[in-house]
Amino acid sequence: MQLAALAAILLAILWLQNWIYRKYALQDVHYRCYLSRDQVYEGDEIELIEELENRKWLPLPWFKTEITASRWLDFAGAQSQLTDKSRFVPSFFTLKSYQKVSRRWKVTCLKRGEFSIDRVVLVTSDLLGNVNQSIGAEVHSSVLVLPRPLSEEALIKPRYLTGDIAVRRSLIEDPFYNSGVREYMEFDPMNRIHWPATAREQKLMVFQNDSTTRQSVTIVLNMQSRYFEHDSKTIDAEKMETAIRLCAGLFDSTLATGMPLRFAANCTTGEGRSTIFTEEFWGRDYVEGLFQMLARLRLQSTEEFCTFLSDHYHDFTSTDLILVTGFVDGKIVDIIRRKQYDGVHVRTLLLGEIPEDVDASGCEILELSPTELEKEAGLWANG
């Protein structure tokens with residue numbers, strides 16, 4: 001009888017314990033998860049902070065959080081599981097009554113892009129592990145990972161001049177830009193007379209002024225990695241990531257000169273088939289906005305590069321044009337030659353080699369190796 005009574009009491013206690021944990025385990029449990037920074041560069045380390053508070057008398061001897069994040073956020077020391085796009089990170093706690101705990105994860109941002117903590121599942125159990133309760137927690141935290149610009153050693157910078165440069169024609173001549181002398185004409189002001197040349201030629205000579213314009217640059221990114229890509233999806237993703245870092249390095253180089261900058265690309269930052277063609281501007285805030293745009297670029301071309309260049313041919317009004325591309329063909333070379341004939345300095349940074357059947361004579365095309373650029377810059381392939 002005593003054993004039966006003891007067994008009945010134990011069963012009653014076990015049932016009561018199960019009932020209590022089933023009803024109250026997840027009540028008054030407050031969870032918060034957030035990233036320490038909202039904008040970093042590739043390779044930078046940030047922190048993910050978990051804050052867990054048990055605001056009731058019932059202790060929680062076994063509590064687990066299951067974090068689902070992007071695979072490009074690497075949690076140091078975590079036994080995480082990887083899928084094609086996600087990383088699952090478990091975290092275990094023991095909570096006493098009315099206790100608050102926090103945990104800090106070191107997180108390395110492996111790749112450019114906009115990443116968020118997708119969701120967190122809270123799981124708890126009773127003292128004996130008989131009752132398992134779970135609930136989803138709302139998380140609103142993300143980080144924008146900017147492309148790390150290629151270092152000065154790895155980046156081959158364009159040969160820019162400072163100040164104004166001469167152009168073929170303009171409505172107004174620059175009175176401060178003297179290119180030589182010419183014979184005096186009826187409506188020339190007397191203060192433009194070049195007296196030494198007048199004495200030498202024995203007739204009135206005046207200063208010759210040319211038209212000038214302020215130097216500016218347009219950087220054009222070709223997201224089409226090969227001549228033909230099925231469904232416009234980028235085949236050589238790593239090559240295009242290097243191209244994006246190359247553009248970031250070019251953006252950085254314009255800050256020191258203060259030159260107006262424009263960015264164009266046959267891709268988009270969101271859905272749809274639109275392309276990118278920014279206004280010409282300058283300054284650190286503007287360049288930072290371009291970095292953010294690079295971080296959000298989709299690895300998919302929305303228009304063939306040759307078509308894109310032809311459609312915007314007359315919109316490329318800068319004095320300098322830089323093409324960052326994974327390939328060139330005869331049509332692209334023809335457009336480059338036409339722009340050079342118009343007086344535009346065109347430089348092409350080619351991540352690859354010029355095909356043997358393409359005559360690129362007279363064009364400034366630099367053949368670059370993506371692997372060597374990444375190695376010199378100290379960056380890694382992110383797979």
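The buried residues of H4 are Tyr 286, Val 287, Leu 290, Phe 291, Leu 294 and Ala 295, where buried means under 20% relative accessible area, exposed over 50% and partly exposed in between (1.4 Å probe, protein chains only). The model is predicted, so local features need pLDDT of at least 70 and side-chain atom pairs count only at pLDDT 80 or more, whereas totals for chains, interfaces and linings use all residues. Residues are numbered from 1 along each chain as its sequence is written, and side-chain values use heavy atoms, with hydrogens and water left out.

Helices (H or I, at least four residues) and strands (E, at least two) are DSSP runs, numbered from the N terminus. H4 has 13 residues and spans 19 Å from its first C-alpha to its last, close to the 18 Å expected at 1.5 Å a residue; the expected span is 1.5 Å times one less than the number of residues. An α-helix has 3.6 residues a turn, so residues three or four places apart point the same way. The buried residues of H4 pack against strand S2 (39–41), strand S9 (113–125), strand S11 (142–146), H3 and S17, contact being heavy atoms within 4.5 Å.

An open sheet is formed by 6 strands in the order S18-S17-S16-S19-S20-S21, with mixed pairing; two strands pair if DSSP finds at least two bridges between them. Strand S18 (276–277) and strand S21 (364–368) are the edge strands, each pairing on one side only. Strand S19 (residues 320–325) and strand S20 (residues 345–351) run parallel and are joined by 6 bridges. Leu 321 has Val 346 as its bridge partner in S20.

Helix H3 (residues 237–257) lies across strand S16 (217–221), strand S17 (261–265), S19, S20 and S21, and runs at about 170° to S16. Axes are lines fitted to C-alpha atoms, for helices over the stretch in contact, and angles run from 0 to 180 degrees between N-to-C directions. Helix H4 (residues 284–296) also packs on the sheet, where H4 touches S17 and S18 and its direction makes about 10° with that of S17.

The count comes to 0 disulfides, a disulfide being a pair of cysteine sulfur atoms within 2.5 Å. The sulfur of Cys 247 is 9.1 Å from the closest cysteine sulfur, in Cys 267, which is too far for a bond. Cys 247 is buried at 0% relative accessibility, and Cys 267 is buried with a relative accessible area of 0%.
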